[in-house]
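The sequence and the model are shown first.

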Amino acid sequence: MWIAPERRRLSRWAVPGLALAAGVVVAAVLAADGRGGTGLIALGVLAGYALLLGYRRFEPALPGSEGFGTGHRARSHTRAAALTGDVLTGAVVAAVIVQGLRGADIVPYAWLAALAGATYALSATFGGRSL
């Protein structure tokens with residue numbers, strides 16, 4: 001059985017592994033500072049982000065939808081929507097890390113991260129079907 005070389009590369013897992021490692025480091029730093037609960041929340045957010053990045057490695061190409069138009073326009077809108085979601089999710093994850101290390105409350109950002117994860121999970125699960 002032939003397996004494409006790009007599917008076998010360990011480097012494809014570098015970014016999800018880095019996100020998970022960052023979560024472990026942030027959790028350890030916060031736990032050493034006496035904020036174990038905040039560290040566990042930050043670890044959970046970064047582990048979820050690593051899971052999202054790992055899942056996206058195997059995500060098939062999205063089918064075109066008439067909602068975005070057809071042809072090149074549909075592909076452009078789909079890419080723009082995906083990039084917008086990626087940037088906003090990255091910003092929320094970064095806010096969790098920065099606020100946690102500053103000693104500020106991270107609960108609002110954790111809720112936003114959970115909402116982003118749940119939204120992505122639902123759209124990945126049911127997005128291929130007509131809603």
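This is a predicted model: local features need pLDDT of at least 70, side-chain atom pairs count only at pLDDT 80 or more; totals for chains, interfaces and linings use all residues.

Visitor: Does Val29 count as buried, partly exposed or exposed, and why?
Guide: The relative accessibility of Val29 is 44%. Buried means under 20% and exposed means over 50%, with partly exposed in between. Val29 therefore counts as partly exposed.

Visitor: How far apart are the end C-alpha atoms of residues 80–100?
Guide: According to UniProt, in an unreviewed entry, residues 80–100 are among the spans given the feature "transmembrane region". In the model this span is 100% helix and 0% strand. Its end C-alpha atoms are separated by 30 Å.

Visitor: What is the geometry of the pair formed by the rings of Tyr55 and Tyr120?
Guide: The structure holds one aromatic pair. The ring centres of Tyr55 and Tyr120 are 6.3 Å apart. Planes over 60 degrees apart count as edge-to-face. The planes of Tyr55 and Tyr120 stand at 80 degrees, so the pair is edge-to-face.

Visitor: Which helices hold Tyr55 and Tyr120?
Guide: The pair links distant parts of the chain, with Tyr55 and Tyr120 lying 65 residues apart. Tyr55 is partly exposed, at a relative accessible area of 40%, and Tyr120 is partly exposed, at 22%. Tyr55 belongs to helix α3 (residues 36–56), and Tyr120 to helix α5 (residues 107–126).

Notes
Residues are numbered from 1 along each chain as its sequence is written. Side-chain values use heavy atoms; hydrogens and water are left out. Buried means under 20% relative accessible area, exposed over 50%, partly exposed in between (1.4 Å probe, protein chains only). UniProt positions are given in the numbering used here, feature names are shortened, and annotations may be inferred rather than shown by experiment. Helices (H or I, at least four residues) and strands (E, at least two) are DSSP runs, numbered from the N terminus. Rings of Phe, Tyr and Trp (its six-membered ring) pair if their centres lie within 6.5 Å; planes under 30 degrees apart count as stacked, over 60 as edge-to-face and the rest as tilted.
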